[in-house]
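Okay, everyone, thanks for coming.

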Amino acid sequence: MQPLNAQKEELRVDEKGFRNYFNRMTKQLDISERIFRLYTEFGDFRPAAYGFVADAVEYTIAGLAAARHITARELLDGMRSYAKNEFGPLSDFVLQDWGIRNAHDIGTLVYRMIAEGILGANPNDRQSDFDCEYELFPPSAEPRRRRRAKVPRIE
C-alpha cells in the first residue's frame, strides 16, 4: 500500500495525461468537423483526401532535418512518398478514388484547408504553385504482371 501523498501524486500525473489526451482528441474532432464541412460544401474530394493531405504535410515536415515551412514541390514529393508508404503499389488507385489526380487537386485541397484554418501558409505561398507539371503517379519500374487465373477443369 502506498502512502496517501504518493497516491495523490499518481492521480495528478494521470489527470495531466488525461488533459493532454482530451485536448488532442478535442482538436482532432474539431479538424474532423471542419473537413466534413469542406466535403459537404464542395463534394469533389472524399473526406479521406483532406485527412491524407494533412497527414502528408506532417510526414513531409517530420522528414526534414529541422521543422520549417515547406514548399509546394516539397509537399508534392512528400505526398507521393507518403502514399507509397501507406498504400504501396495501390497508391494511385486509392488517391484517384478519393478524387486526387494531379498536383492541381492537391493545391485545391491544401488551400481549402488553409481557408478553413486547418493548415497555414506564408504570405508568399500561392495556390498556383501547385499548377505545375508533376507526375504524381510515376510509372512503376517493374511492369505489372497479370496472372492468369487457373480455371478448374471439370471432367
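Let's start with Tyr111: at 18% relative accessibility, Tyr111 counts as buried, where buried means under 20% relative accessible area, exposed over 50% and partly exposed in between, with a 1.4 Å probe and protein chains only. Phe130 is buried too, with a relative accessible area of 4%.

Quick housekeeping: this is a predicted model, so local features need pLDDT of at least 70, side-chain atom pairs count only at pLDDT 80 or more, and totals for chains, interfaces and linings use all residues. Residues are numbered from 1 along each chain as its sequence is written, and side-chain values use heavy atoms, with hydrogens and water left out.

Now, how many aromatic pairs are there? The count is 8, taking rings of Phe, Tyr and Trp (its six-membered ring) as paired if their centres lie within 6.5 Å; planes under 30 degrees apart count as stacked, over 60 as edge-to-face, the rest as tilted.

One of them is Phe52 with Tyr82, which is stacked, at 5.0 Å centre to centre and 25° between the planes. Phe52 sits in helix H2 (residues 47–62) and Tyr82 in helix H3 (residues 72–87), 30 residues apart; helices here are DSSP runs of H or I, at least four residues, numbered from the N terminus, and strands are E runs of at least two. Phe52 and Tyr82 are both buried.

Back to Tyr111 and Phe130: their ring centres are 6.5 Å apart with planes at 75°, so that pair is edge-to-face. Tyr111 is in helix H5 (residues 103–115) and Phe130 in the segment after H5, so the pair ties together parts 19 residues apart in sequence.

Finally, ring pairs join Phe52, Tyr59, Tyr82, Phe87 and Trp98 into a cluster.
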